[in-house]
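Here are my notes on the model, point by point. Please keep the structure open while reading.

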Amino acid sequence: MVDLKGQYEEIKDQVDSSIQNIIENTSFINGPEVHQFQKELEEYLDVKHVIPCGNGTDALQIAMMGLGLKPGDEVITADFTFAATAEVIALLNLTPVLVDVDADSFNINVEAIKAAITPKTKAIVPVHLYGQPANMEEILKIAKEHNLYVIEDNAQAIGANYHFEDGTVKKAGTLGDVGATSFFPSKNLGAYGDGGAIFTNNDELAHTIRGIVNHGMYERYHHDVVGVNSRLDSFQAAVLKAKLPLLDKYNSARRKSAKLYSEALKSNENIITPKIIGEEDTHVFHQYTIRVTNGKRDELAKTFQENNLPFGIYYPIPLHLQKAYLDERYEESKFQVTNKLVKEVISLPMHTELDEEQIAYITCVINKVV
Ligand SMILES: *Cc1c(COP(=O)(O)O)cnc(C)c1O
């Protein structure tokens, strides 16, 4: 699905020497690389505060802890996402309220958010799935009207631009009260191990979060709140610092591959290719996900398997049907889109090193089966 070797070749000298340096200096934790990467990411995203942490799941959890959400508070999020999004809500004894998504963007449905709001609702967590931001214009309006926090799960959309109706352009992850991202190796900005970060423009929230990631300490050995231990290590920061200047190039390469895929599949009436809502730079194609509408998705997956072609099914089961997240408030009729998508979606190989020949071969196999 991903080929990370090519990216390494390009940054090898810098990465190798930084890693050697960290070993020589034994600055494994909180080395200068961490602070440098933090500053450079703040600049890239045009956001006041980046707080690095251990992984994307921690980033989401810490963002929610920072906002002071209380047990029993309801948090609305998408039914069609990776489990981490709902998991951290449940772990904090908040109540995840899963809602349906849109078929064309795969992202949280705005009307479903409105219908799910109760007096207990405190936050909305839009997930920018597959690399394309959710409908933030509307989500921010709803949040303002009902006095709700917006926490963006930006694990899949780092570098994506969001265009507001008034012409303002901002980076995904910096649009709500707080954003969370992951530097898992296969993400668009991937480390060589685990990593994550939290983004916010709110000074007070940033201060609170900086303490939470470090055992709730604001002054050494004074623990004001219950925190966690979650940090980005110096090795990972060194890799990310080398890759950050190339992120836009990486994302353009992904968009180019997406275009080639869509071109080769467009005349197949049983396939729906991904739709870019609005400007081209809004989508960074963490995944290139098609919908197979004639019931042949599993047959296609089997053919891929037999031919040693990688693929992914993100995600095969709606979260509201997962044992861990069952809730009697859910009615099947309210999840029609997710219930359909889980049977139709298949994600194709997507990374920065794909070439035209590989795409031609993959799409040829797809057109034959479907
Ligand atoms: C990857 C991912 C996460 C979790 O990130 P980790 O770094 O693996 O903890 C959370 N949400 C979404 C949508 C993701 O894709």
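1. A backbone N or O atom of Gly56 lies 2.7 Å from an oxygen atom of the ligand. From Asp153, a polar side-chain atom comes to 2.8 Å from a ligand nitrogen atom. Ser182 also places a polar side-chain atom 2.7 Å from an oxygen atom of the ligand. A polar contact here is a pair of N or O atoms within 3.5 Å; within protein, one must be able to donate a hydrogen and the other to accept it, and residues adjacent in sequence count only if both atoms are side-chain atoms.

2. Ligand, cover. On its own, the ligand has 380 Å² of accessible area, and the protein covers 91% of that. Areas come from the Shrake-Rupley method with a 1.4 Å probe; for residues, only the protein chains shown count as cover.

3. The residues around the ligand include Asn55, Thr57, Thr81, Phe82, Ala84 and Val127. Ala155, Gln156 and Lys187 are also among them. The criterion is a heavy atom of the residue within 4 Å of the molecule.

4. Basis. This is a predicted model, in which local features need pLDDT of at least 70 and side-chain atom pairs count only at pLDDT 80 or more, while totals for chains, interfaces and linings use all residues. Residues are numbered from 1 along each chain as its sequence is written, and side-chain values use heavy atoms, with hydrogens and water left out.

5. Sheet order. Seven strands form an open sheet with mixed pairing, in the order S1-S9-S8-S5-S4-S2-S3. S1 (49–53) and S3 (95–99) each have a single partner strand, so one side of each is left without a neighbour in the sheet. Direction ignored, neighbouring strands are turned by 25° against each other on average. Strands (E, at least two residues) and helices (H or I, at least four) are DSSP runs, numbered from the N terminus. Two strands pair if DSSP finds at least two bridges between them.

6. S8 (residues 178–182) and S9 (residues 196–200) run antiparallel and are joined by four bridges. Ala180 has Ile198 in S9 as its bridge partner.

7. Helices on the sheet. H2 (residues 32–45) packs on the sheet and touches S1 and S9; its direction makes about 135° with that of S1. H3 (residues 56–66) also packs on the sheet, touching S1, S4 (121–125), S5 (149–153), S8 and S9. The direction of H3 makes about 165° with that of S8. Contact means heavy atoms within 4.5 Å. Axes are lines fitted to C-alpha atoms, for helices over the stretch in contact, and angles run from 0 to 180 degrees between N-to-C directions.

8. Helix H6. Which residues of H6 (residues 136–146) are buried? They are Met136, Glu137, Ile139, Ile142 and Ala143. Buried means under 20% relative accessible area, exposed over 50%, partly exposed in between (1.4 Å probe, protein chains only). The buried residues of H6 pack against H5 (110–116), S4, S5 and S6 (161–163). Asn147 follows H6, with a positive phi near 60°.

9. Glu87. This residue is found in H4 (residues 84–91). Glu87 is partly exposed, at 33% relative accessible area. Leaving out residues up to four places away in sequence, Glu87 touches Thr57 and Tyr325.

10. Asn268. The loop between H9 (247–265) and S12 (271–272) holds Asn268. Asn268 is buried, with a relative accessible area of 10%. Its side chain makes a polar contact of 3.0 Å with the side chain of Asn367. Val370 is also touched by Asn268.

11. Backbone checks. Tyr314 and Tyr315 are joined by a cis peptide bond, with omega about 10°. Tyr315 is in the loop between H10 (297–306) and H11 (336–344). Phe285 sits in the loop between S12 and S13 (288–292), and counts as buried at 3% relative accessibility.
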